[in-house]
Amino acid sequence: MLLRFVVGYLFCAGLVVSLSAAQAPELASALTTRYAPYANWQSEVDVDALAQLSESRYWRTAEEIALQRGDGDLPLAGLHIALDPGHLGGQWAAAEGRQFRIAEDDFYVREGELVLVVAQLARAKLITLGARVTLLREAAVRVNPKSPVDYLELAAEQVSLPKEPSLSALWAYGRAIQARAVHLSIVKVDLMERARLVNREIQPDALISLHINAAAWPTENESEREASESGSGKFRLVDVNNVHALIFGCLSDDELQAENQLEQLVVKLTNGSGTTERLLGGALATALAEATELPAARYQGNNAILLSSQQPYLFARNLLLLRMAECPTVLLEPYVANSFGAYGRLQSALANRAAGRALAKDDILLQYADAVVAGVRACYGQE
Ligand SMILES: [Zn+2]
């Protein structure tokens, strides 16, 4: 099975840079500690075969970019960064489960809109430092050109038929198809389209995906939970507020069994993105930790792994965009939006912007953007 992937990969790879491939023992160690630490990867991946592959990539390392810089150049000259404002916001915010507010007269907290502001702020600052910056979206609109209606047929294939011949089961079936079609359009395929844009059109040196975390609502009451997901109703904020960053890794046995995931793992393993991801992820995590002074998030279970006790903010996790974007990719999750610590700051950030007032000194979106710039500079900057 693996050989087929290897051959396919060699033929379709655009050889931009070709350096010596990673050695089999290094690949084995990377799989054991990062890419599949909880899985029996030896039965799916042949590291000796992978070690025969030559490195192929469209992006450049910090050293390669620095080599091209002249003495008088700006600190980030030559660097091309793509920024991904996660999710969508706007009319899709409720359907994507990324909006809430505590009180009726509060501003809606919509992750997709907040991180777009952060991306625009970070872009302006990165450009003044000499970087080229591309945003994956510029408004609260889908990146995927296809609408939910385009996925009705596929959604119908994926939703099982009603179990009983009642009208209420029929309505539930219809709603399940609708929800699946919406999810395919605005979440799953939207993420795949972002990865395609990055790999085939933008081809940046690195991708940073911007998010703001949220915690499960502290309620056992089902109707309250539903109200929270539809963006209305009464909920209580949580105490926990923290920061973490994610890079690709931590595939399970089931994920290794999926052909497309194994193929994407091979690309990421052999193109050298792992080293730069650790450096950039560490630099961004450190910058966010210093700016926010928040503790590191923790994962329970085996869906993510802390890579080093020296860097408690950086985890490896198998998320679609982290896996599919071939260049070094880091996903940021600073703050818990529905926490006592962050909610008030988000409301103040939204209120000041809506009123056209000057931003607070500790404006949360500015703080986030500044930390992104500091992290990029620490990893790629001319010192
Ligand atoms: Zn998010």
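Keep in mind that the model is predicted. A zinc ion is held by His-87, Glu-111 and His-211, and those three residues are also among the ones closest to the centre of the largest pocket. There are zero disulfides in the structure.

**The zinc site**

- Three residues coordinate the zinc ion: His-87 through NE2, Glu-111 through OE and His-211 through ND1, at 2.1 to 2.2 Å.
- If you walk along the chain, the donors follow the spacing H-x23-E-x99-H.
- The two histidines tie together distant parts of the chain, since His-87 and His-211 sit 124 residues apart.
- You'll find His-87 in the loop between strand S1 (80-85) and strand S2 (99-100), while His-211 is in the loop between strand S5 (206-210) and helix H8 (222-229).
- Both His-87 and His-211 are buried.

**The largest pocket**

- The largest pocket holds about 1,100 Å³ of space.
- It's lined by 44 residues, and the closest to its centre are His-87, Glu-96, Arg-98, Glu-111 and His-211.
- Several elements give two or more residues to this lining, including helix H5 (111-128), helix H10 (259-270) and strand S6 (243-248).
- Helix H7 (167-202) makes the largest contribution to the lining, with seven residues.
- Sort the lining residues by type and you get 20 nonpolar, twelve polar and twelve charged.

**The cysteines**

- A disulfide is a covalent bond between the sulfur atoms of two cysteines.
- Why don't Cys-327 and Cys-379 form a bond? The sulfur of Cys-327 has its closest cysteine sulfur in Cys-379, and at 12 Å that's too far.
- To count as a disulfide, the two sulfur atoms would have to be within 2.5 Å.
- Cys-327 is buried, with a relative accessible area of 0%.
- Cys-379 counts as buried too, at 17% relative accessibility, because the cut-off for buried is under 20%.

- Most residues other than glycine have a negative phi.
- Gln-203 has a positive phi, near 45 degrees, and it isn't a glycine.
- Look for Gln-203 in the loop between H7 and S5, where this residue is partly exposed, with a relative accessible area of 35%.
- Tyr-335 isn't a glycine either, yet its phi is positive at about 70 degrees.
- Is Tyr-335 buried or exposed? Tyr-335 is buried, with a relative accessible area of 1%, and its place is the loop between S9 and helix H13 (340-355).

Notes
Residues numbered from 1 in each chain as written. Predicted model: local features only at pLDDT ≥ 70, side-chain atom pairs only at ≥ 80, totals over all residues. Heavy atoms only, no water. Donors = N, O, S within 2.8 Å, 3.2 Å for Na, K, Ca; no water. Helix = DSSP H or I, 4+ residues; strand = E, 2+ residues; numbered from the N terminus. Buried < 20%, exposed > 50% of the residue type's maximum accessible area, 1.4 Å probe, protein only. 1 Å grid on protein atoms, 1.4 Å probe; cavity = no way out; pocket = protein on both sides within 12 Å on 5 of 7 lines; lining within 4 Å. Points joined across faces, edges and corners; volume = space filled by probe spheres on them. Nonpolar A, V, L, I, M, F, W, Y, C, P; charged D, E, K, R; others polar.
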